[in-house]
Number of protein chains: 2
Amino acid sequence: MSSYIHNPHDIETKSFEIIQSMLKPTDVTGLRLQIIKRVIHTTADFEFQDLLCFKEGVENKLLEAVKAGCTLISDTNMIKSGINKKLAEKLGIKICCFVSDEDVAQCAKKQNMTRSMAAVNKAAQLPGKKIFVVGNAPTALYRMIELQETGGLEVEAIVGVPVGFVGAAESKETLWKTDIPSIMTRGRKGGSTIAVAIINAVMKEAVKQIGS
Amino acid sequence: MSSYIHNPHDIETKSFEIIQSMLKPTDVTGLRLQIIKRVIHTTADFEFQDLLCFKEGVENKLLEAVKAGCTLISDTNMIKSGINKKLAEKLGIKICCFVSDEDVAQCAKKQNMTRSMAAVNKAAQLPGKKIFVVGNAPTALYRMIELQETGGLEVEAIVGVPVGFVGAAESKETLWKTDIPSIMTRGRKGGSTIAVAIINAVMKEAVKQIGS
């Protein structure tokens, strides 16, 4: 049993080689391809090659924001937990998730909205450049769009990949109709691990580019 | 836009109705069916109806252990973060993940093994009933099997669902050949969200059964 590969770096390199060899022929290159491959690495689900949708120029928006040490705001603690802390530290990135905060729970109750929505309200008050990373709550995504349309939210980009059977697909299509720089997964699929894979791929490329 | 469903409980109920209606005909019932449905709820991937494999009797082993307030040991912090804390608290369950611990990093370096393996070594020392929950690291799963075979690990059950292209499928098939009560996903698919869905389904059923 001692013959299995022990080195995590070797495992990742080999994995990406296998993924590359199994992709459908594609013209996609650069960071967009890296994101697609990292999502497949995280899920072993090649359907994501078709499901991932990128607004034109979103990769540069994301890269600029993370290089400027923006704040990443996630809708789940799983995403916060999964984001690569070493890369975030190198880029001076702060990671926030407000969904479990006591004041957010109270606001949600008072205003008859989900905690995910109240957490977006709280995050919208943060100063500086912000990227929202949504893997779970369609209501969070809807709330961002509402706030952005009414001038209550400044956001560099949204990674909008909620998973689910009620509202998830619709919330992503609504995001797609806005002019917010964004990445989404078409249909029901998505989730916290997909969101993490996307943002980690962006940070990895940013760290490579700044050469640290 | 205010027409979208705001109530998380309604969303979950409706989601499970949709999943039930879309499942392939099956004789599976009870907790096993609940686990399958919760994994699909988490991924929107119906392939898991076929990929999830259950050792005979593993559901009862898991239920007994969580009702007894066992310790859950995960291989990733994402899993630790995603496990339902309210359910865990009701059952008196402790959740541990040692992979980022400084002493584990040092042991791994000294013994030329992955941090995931060193984390299993540390977890094996814990007293009391233990369930291991693996969503990422094949090396963690291999290490558990090695320790169990040499008498160095007492474990009630293993949720073994690492995802990946190098070693993941093989590690799960190796687990399957042991007599350890376990749940696994056949092939490459798996991951932290799948692991979380399985253990949360078990805890939900346990809380229902003890009536708290």
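Me: In which sense do strand 1 and strand 6 of chain B pair?
Reply: This is a predicted model, in which local features need pLDDT of at least 70, side-chain atom pairs count only at pLDDT 80 or more, and totals for chains, interfaces and linings use all residues. Residues are numbered from 1 along each chain as its sequence is written, chains are lettered from A and ligands numbered from 1 in the order in which they are written, and side-chain values use heavy atoms, leaving out hydrogens and water. Strands (E, at least two residues) and helices (H or I, at least four) are DSSP runs numbered from the N terminus, and two strands pair if DSSP finds at least two bridges between them. Strand 1 (residues 52–54) and strand 6 of chain B share three bridges, and their sense is antiparallel.

Me: Which residue of strand 6 of chain B is the bridge partner of F54(B)?
Reply: Strand 6 covers residues 182–185 of chain B, and I183(B) and T185(B) point one way from it, S182(B) and M184(B) the other. The bridge partner of F54(B) in this strand is I183(B).

Me: Is S15(A) buried or exposed?
Reply: S15(A) lies in helix 1 (residues 8–22) of chain A. Buried means under 20% relative accessible area, exposed over 50%, and partly exposed in between (1.4 Å probe, protein chains only). The relative accessibility of S15(A) is 2%, so this residue counts as buried.

Me: By what turn can chain B be laid on chain A?
Reply: Copies are superposed by least squares on the C-alpha atoms of residues with pLDDT of at least 70 in both. With an RMSD of 0.0 Å and a shift of 0.0 Å along the axis, the turn is 180 degrees.
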